[in-house]
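Let's take a walk through this model together.

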Amino acid sequence: MRSRALPLALVTFTLMASMVLVLSIDRIQKATEAGFSQSVSGVDLIIGPKSGSIEMVLYTVFHLGQPINNVTMKTMNEIESSPDIDWLVPIALGDSHKGFRVVATNLPDYFEHMRYGGDLPILFAEGDASSKISAAIVGSTAAEKLGYKVGAELFITHGSGNAIEKSHDDFAFQISGVLAQTGTPIDQAIFVNLRGYELVHLGWQSGTKVFGVNNVNIESLPDHALDPKTVTAAFVGLKSKFKIFPFIREINKFPTEPISAIIPGVALAELWSIVGLVESAFNLLSWMIILICLIAIVTLTIASLDSRKREMTILRANGASLFYLARLVIFESLVIGLTAVSGAVLFVTIATSFAEHQLSSMLGIKLQTSFLSLDELIVFGIILGAGLLSSLIPAAFVYRRNLHQGLS
Amino acid sequence: MILETNRLEYLYSSGQTIRFPDLKIRVGDRVLVTGRSGCGKTTFLNLIAGVLKIQKGEIDLIGNRFSSLRPTSLDQIRADHIGYVFQTLNLIPFLSVLENVRLGIQFSHQRTSKAPEIEPEISRILSALGLPKNILNRQISNLSIGQQQRVACARALLGKPELFLADEPTSSLDPKSTTEFVQELINTFDPSKQAILIVSHDPSMVPFFNTVIELDN
């Protein structure tokens, strides 16, 4: 082996690099899927108007599309009073601010209960969640793009457009906190106090402003005046996970209003299966890299065939058995293969631990620091097996032809 | 009897057929096969070494009839009973002298048992062949052709195989070195257990051998 130290080192390095790619793609793929399915976590159910689960998860979690209907707060209060409920955070959607979706909710409850990427709390980069009626909290991307800091004021716009006539310019929300990056749709959202949201809609009827609230004295309003009448949906935590399915059945049969409950994880998995093309692309990429790996092994084998054939023929001329020659090449390709595998695993593990924080905060991807999964073992098995088989080529050559051909 | 060949014939792919003379080699024999280039000397030696498959006739090496042996058994017989110096030497260039010489007995228990202390034995053979003591750990690629030929001979002599075969071992030596080399070789081999069969077209070697066979078709 030492006679071919440089080419062997190069092929080991090539193999290792390919395996690092295969491992990284596999891990990023799994982490992306896990990150996607954990875009929202800590939530047992999402309750909203009767609709499909994907639709509901699209507008409640990804803030995409428009809810068809709302749910009355009376219904939400009724649900909240159920003994199975641990907590319930309503959200109202529909407004926006400079292209970023506004989520009106109970502050600071929302940030106490919501989690992402498994069990990560939503952290504040600056400020905190105030319970004031005018409080607004800005997601990290929105804050960065709009240049917002704590203390800045913002007006929200009715609907998702930018039309001036639709602006709620009679009441300013004040930013009390800027969120740290999560890599989820939270980064693109602006959260406002639900009561404040109700306030700016006081003078609106059927999407048109009837009167402004500039002159309304908030202090003089009765307590219940700013209680929301309807909300879009609510995130719910149950006291016991065992109650999830009976509770869903109960909600779906809710007598006074057509509402439904979905399990966010299940809905997200359904959505992922639609976006499954990405997964297929990942798989295709992995297999292409594996193919390149195999080509690299076979190329090296063929390139070194002549020198190996001569070396092996000399060994055979001195009495080496086929078993000995096979053992020699198997040992060599095992050393190359195992060095490449362990190097790749070591590299990816070290790189994962370094990149974990960045990936988690920038993309919401939480890489698993697992050693090797069964899938990865199978892939490595295939590569090692192919390496072993192709390394047997020179040994087989030596035995198939006349000994004198290799010696003259 | 160490070796007996009987009615050996070899048909080349060119269509030419060579008939070889019957040969009987006993312990202590020193046989030289000569002849002009292309007369089949190397083919004859390759057949005897089991490197070429016999097509017609028979070879008997210490009771082993080549025609009835499978290639793997033939490899083992060769490892146990024959020390072969190929014309192209066939040393492994990246191995040291010691490692190359050791190859001669690495695959034969029988020859290993005849050289219980391998390193002193290799040193002894190398110095008997006129190589310096400090050569053991040098790489083959750093040696002169003459030194490489001696290393190849040492590999063939280690473990005292019954038959020592060499194909033009002095082809790249000058006349003086040739004489010295053959003398050293004959001094190193054990006439009570071994026999020598050398192929060469060099007439200056004739005096060192007790049997000379001239191939002429």
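In which sense do β7(B) and strand β8 of chain B pair, and over how many bridges? In this predicted model, β7(B) and β8 (residues 163–167) run in the parallel sense, with four bridges linking them. Look along that pairing and you will find B:Tyr84 opposite B:Leu165, the latter in β8(B).

Now step back to the whole sheet. Five strands of chain B make up an open sheet in the order β7-β8-β9-β4-β10, and their pairing is parallel. Its edges are β7 (82–85) and β10 (211–214) of chain B, each of which pairs on one side only. From one strand to the next, the twist averages 15 degrees.

Helix α1 (residues 41–49) of chain B lies across β4 (30–34), β7, β8 and β9 (195–199) of chain B, at about 150 degrees to β8(B). Helix α2 (residues 71–81) of chain B lies across β7 and β8 of chain B and runs at about 90 degrees to β7(B).

Next, turn to where the chains meet. Chain A brings 18 residues to the contact and chain B brings 23 residues. About 1800 Å² is buried between chain A and chain B, with carbon and sulfur atoms giving 59% of that area. There is one salt bridge between the two chains: A:Arg316 joins B:Asp75, and their closest N and O atoms are 2.7 Å apart. On the side of chain A that touches chain B, α10 (305–317) and α13 (403–407) of chain A each supply at least two residues, and α10(A) gives the most, with six residues. By type, that side divides into eight nonpolar, six polar and four charged residues.

Methods: Residues are numbered from 1 along each chain as its sequence is written. Chains are lettered from A and ligands numbered from 1 in the order in which they are written. This is a predicted model: local features need pLDDT of at least 70, side-chain atom pairs count only at pLDDT 80 or more; totals for chains, interfaces and linings use all residues. Side-chain values use heavy atoms; hydrogens and water are left out. Contact means heavy atoms within 4.5 Å. Buried area is the accessible area (1.4 Å probe) that two parts lose on being put together, summed over both. A salt bridge is a side-chain nitrogen of Lys or Arg within 4 Å of a carboxyl oxygen of Asp or Glu. Ala, Val, Leu, Ile, Met, Phe, Trp, Tyr, Cys and Pro count as nonpolar, Asp, Glu, Lys and Arg as charged, and the others, Gly among them, as polar. Two strands pair if DSSP finds at least two bridges between them. Axes are lines fitted to C-alpha atoms, for helices over the stretch in contact, and angles run from 0 to 180 degrees between N-to-C directions.
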